[in-house]
Amino acid sequence: MVLANRLQRFGAKVRRLGHKRRRPAAFLESDQRVRSDEYIPWLCSVTGGFITADHGNVRAFDHAIRSMPLGGAILEIGSFLGRSTNVLAYLLIKYRRDNPFFSCDPWTFEGTERPIGGFFDAASPAFRAYAKEVFRLNVNLFSRERRPHAIEASSAEFFARWDQDSTVD
């Protein structure tokens, strides 16, 4: 434990001194592919959500999908309005992956126990219905060739159903 703390402090000191961490080649390759792809920034600009085209998760999606083995399934946990869902679907098409694709989201929002800024109630049934409908519209429009099996559930509920071999519509 003491050694781990010392190494962690040493790492922080190195970063403060201006030493850059070396990026793995796979990250750099994914970064270049994402930067040269004109569809991802456009898609991110016209769909709602939190992820941006220059976000590290998009590079991670690119690397994971491009490098993933055949078989197995893809699960997106937390879909909100469908932006990252559409990016994942696009990358699955781009890299010709036919792995089953699932997304799960209960469309209940953390940190919304009281109105945001004292103004907007994001926990309201109206906002929940809005988010679900925008997700549905976005996925039907931008991912119609590679729509996920969208499950309205938390990840814990999804995995419980998975363990029970439940069917999906």
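**Questions on the cores and loops of the chain**

Trainee: Phe-80 has its place in the loop between strand S1 (74–77) and H5. Does Phe-80 count as buried or exposed?

Mentor: Keep in mind from the start that this is a predicted model. A residue is called buried when its relative accessible area is under 20%, and Phe-80 has a relative accessibility of 17%. Because that value falls under the cut-off, Phe-80 counts as buried.

Trainee: What is the phi of Phe-80?

Mentor: Most residues other than glycine have a negative phi. Phe-80 is a residue other than glycine, yet its phi is positive, with a value near 45°.

Trainee: Where does Trp-107 lie, and does Trp-107 count as buried or exposed?

Mentor: Trp-107, which is not a glycine, also has a positive phi, of about 50°. Its position is in the loop between S2 and H6. With a relative accessibility of 5%, Trp-107 counts as buried.

Trainee: Glu-110 lies in the loop between strand S2 (101–104) and helix H6 (125–142). Does Glu-110 count as buried or exposed?

Mentor: The C-alpha atoms of Glu-110 and Ala-122 are separated by 9.3 Å, although the two residues are twelve residues apart along the chain. The relative accessibility of Glu-110 is 79%, and the cut-off for exposed is over 50%. Glu-110 therefore counts as exposed.

Trainee: How many residues does the largest nonpolar core have?

Mentor: In soluble globular proteins, nonpolar side chains tend to be buried together. Those with the most contacts inside the largest core here are Ile-40, Val-58, Phe-61, Ile-65, Val-87, Leu-91 and Phe-101, and the number of residues in this core is 19.

Trainee: Which element gives the most to this core?

Mentor: The elements that each supply two or more residues are helix H3 (39–46), helix H4 (56–67) and helix H5 (83–94). The greatest contribution, six residues, comes from H5.

Trainee: How many residues make up the other core?

Mentor: This other core lies apart from the largest one, and Phe-80, Trp-107, Val-134 and Val-139 are among its residues. Its number of residues is ten.

Trainee: Which residues does Val-87 touch, leaving aside those up to four places away in sequence?

Mentor: Val-87 is one of the residues with the most contacts inside the largest core. Once residues up to four places away in sequence are not counted, Val-87 touches Leu-43, Cys-44, Val-58 and Phe-61.

Trainee: At what angle do H4 and H5 pack?

Mentor: On the H4 side, Val-58, Phe-61, Asp-62 and Ile-65 meet Ser-84, Val-87, Leu-88, Leu-91 and Leu-92 of H5. By class, this contact has seven nonpolar, one polar and one charged residues. The crossing is right-handed, and the axes lie 10 Å apart at an angle of about 30°.

Trainee: To how many disulfides does the count come?

Mentor: A disulfide is a covalent bond between the sulfur atoms of two cysteines. Cys-44, at 7% relative accessibility, counts as buried, and so does Cys-104, at 1%. The count requires a pair of cysteine sulfur atoms within 2.5 Å, and the number of disulfides comes to zero.

Trainee: How many helices and strands are there in the chain?

Mentor: From the N terminus on, the elements run α-α-α-α-β-α-β-α-β-α. Of the 169 residues in the chain, 35% are buried. The chain has seven helices and three strands.

Methods
Residues numbered from 1 in each chain as written. Predicted model: local features only at pLDDT ≥ 70, side-chain atom pairs only at ≥ 80, totals over all residues. Heavy atoms only, no water. Core = buried A, V, L, I, M, F, W, Y, C linked by side-chain atoms within 4.5 Å. Buried < 20%, exposed > 50% of the residue type's maximum accessible area, 1.4 Å probe, protein only. Helix = DSSP H or I, 4+ residues; strand = E, 2+ residues; numbered from the N terminus. Contact = heavy atoms within 4.5 Å. Axes fitted to C-alpha atoms, helices over the stretch in contact; angles between N-to-C directions. Left-handed = near helix turned anticlockwise from the far one by under 90°. Nonpolar A, V, L, I, M, F, W, Y, C, P; charged D, E, K, R; others polar.
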